[in-house]
Amino acid sequence: MALEQIKMPQLGESVTEGTIEKWLVKPGDQVNKYDALAEVNTDKVTAEVPSSFTGVIKELIANEGDTLAVGEVVCTIETEGGSTEEVVETAPEQPTAETVKPAEVQKHAGKVDREKGAKARYSPAVLKLSQEHGIDLTLVNGTGNEGRITRKDLLKIIENGEIPVAAQVEPNVEQVNLAPQPTAAPKTASVNVPVAVGDIEIPVTGVRKAIAANMLRSKHEAPHAWMMIEVDVTSLVQYRDSLKTEFKAKEGFNLTYFAFFVKAVSQALKEFPIMNSMWAGDKIVQKKDINISIAVATDDALFVPVIKSADEKTIKGIAREINELAVKVRSGKLKSDEMQGGTFTVNNTGSFGSVQSMGIINHPQAAILQVESIVKRPVIMDGGMIAARDMVNLCLSLDHRVLDGLVAGRFLARVKEILENITKENTSVY
């Protein structure tokens, strides 16, 4: 037998670490090569870590909720080959599901003493279960590494109906002000936020931490500049509205306004390739492929899947990809490679009714375009006539290390020109 290591993989460009959100295996489980071992969150994707070997799970090195750098060992697997005796001597057998004792609980008792060195940190799954069932985690003995509480510990408690509840204490002003409230996750040392009775503390998930880290990096590293332009999309709206019912019946998905905007941006990027660039320290990398990142939000996270070679696709093809990627994000089926390779981001902020916003650049790209809500407004036309027109604001954030106002302004003007000339006569969605 031989003992092999599974390491934290690199699940995307510029990804340097990942958070173990949930283990899908336990010590003693038999796994095949490519079987999923764990769910991992990064700043770009939530993905499954596959096994590189066929064998038996020996030890889970990382706990749920732990953040590890790319290349760090997350677990070990015992495989065929080598000396069985050596492995037995050097790697003591880990408890299996049959040998693990159920979590012990105490009702109306003192708090559980954790093993020395163990951190009071809980996985999102444990926190969610404890909040749903009113379980005081400080009264639970965990069976995980170093006494960590696992999801199975709580499920056993719930099944047995032995819900540990802290003794009720009548609060007074002195206790509220001086006694710290129990928190779901450790606070950052540099942030001291007072918690009052009635406040709700929401645990920060791995995905949210990753988003925060990436946004902070972008704001700190890239000197942001902003531009906005008004676009008259009356003809585009009329053309799309004349097609949408027939298109949906024929194709099975919606023809959205957003598909027209993505197509216009990808066309303009071909004419202004410097906009399709990235800052690389001592050089600027102008990307050959035009891969448009689009933002798709869930209830508690933001994902940025990529439409590859958008300039080579029709409006119908782009609309199909927008629909398919959004479905994958919201069903949790988005793959890591579908988040990689983006060169320019287009964000549909108008879907929330926004009319003006300043986006944070998707590092390491050089720009992001916010497509705002289409609003009917009175506009002075040629000859002084006033007419109701469908207007939209396009808001561009740019990395001033890579791009200057001149080229950014020309790029926006070209996007405006393309959009204002979309009509039934000169534009095909196929």
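Mentor: Before we start, a definition: buried means under 20% relative accessible area, exposed means over 50%, and partly exposed is in between (1.4 Å probe, protein chains only). Also, this is a predicted model, where local features need pLDDT of at least 70 and side-chain atom pairs count only at pLDDT 80 or more, while totals for chains, interfaces and linings use all residues. Residues are numbered from 1 along each chain as its sequence is written, and side-chain values use heavy atoms, with hydrogens and water left out.

Trainee: Got it. So is Lys-26 buried, exposed or partly exposed?

Mentor: Partly exposed, because its relative accessibility comes to 26%. Lys-26 pairs with Asp-29 in a salt bridge, 3.1 Å from N to O. By salt bridge I mean a side-chain nitrogen of Lys or Arg within 4 Å of a carboxyl oxygen of Asp or Glu.

Trainee: And Asp-29, buried or exposed?

Mentor: Buried, at a relative accessible area of 19%.

Trainee: How many salt bridges does the structure hold?

Mentor: There are 16. One of them joins the side chains of Glu-321 and Lys-313, at 3.2 Å from N to O. Lys-313 has a relative accessible area of 21%, so we call it partly exposed.

Trainee: What about Asp-390, which residue does it form a salt bridge with?

Mentor: Lys-376, and the closest N and O atoms are 3.2 Å apart. That pair links distant parts of the chain: Asp-390 sits in strand E19 (residues 386-399) and Lys-376 in strand E18 (residues 375-380), 14 residues apart. For the labels, helices (H or I, at least four residues) and strands (E, at least two) are DSSP runs, numbered from the N terminus.

Trainee: Where do those two stand on accessibility, buried or exposed?

Mentor: One of each. Asp-390 is buried at 10% relative accessibility, whereas Lys-376 is exposed, with a relative accessible area of 54%. Elsewhere, salt bridges that share partners tie Glu-251, Lys-316 and Arg-320 into one network.

Trainee: Switching topic: how many disulfides does the structure hold?

Mentor: The count is 0, where a disulfide is a pair of cysteine sulfur atoms within 2.5 Å. As for cysteines, Cys-75 is buried at 0% relative accessibility, and Cys-395 is buried too, at 3%.

Trainee: Why flag that?

Mentor: Because most peptide bonds are trans, and most residues other than glycine have a negative phi.

Trainee: Then which residue has a positive phi of about 80°?

Mentor: Tyr-34, although it is not a glycine. Tyr-34 lies in the loop between strand E3 (30-31) and strand E4 (36-41), and it is exposed because its relative accessible area is 64%. Ser-309 also has a positive phi, about 50°, and is not a glycine either. Ser-309 lies in the loop between strand E15 (306-307) and helix H8 (315-331).

Trainee: Last one: where is Thr-19, and what is it in contact with?

Mentor: Thr-19 is in strand E2 (residues 17-23). Leaving aside neighbours within four places in sequence, its contacts are Glu-39, Val-40, Asn-41, Gly-65, Asp-66, Thr-67 and Gly-206. Contact here means heavy atoms within 4.5 Å. Thr-19 counts as buried because its relative accessibility is 9%.
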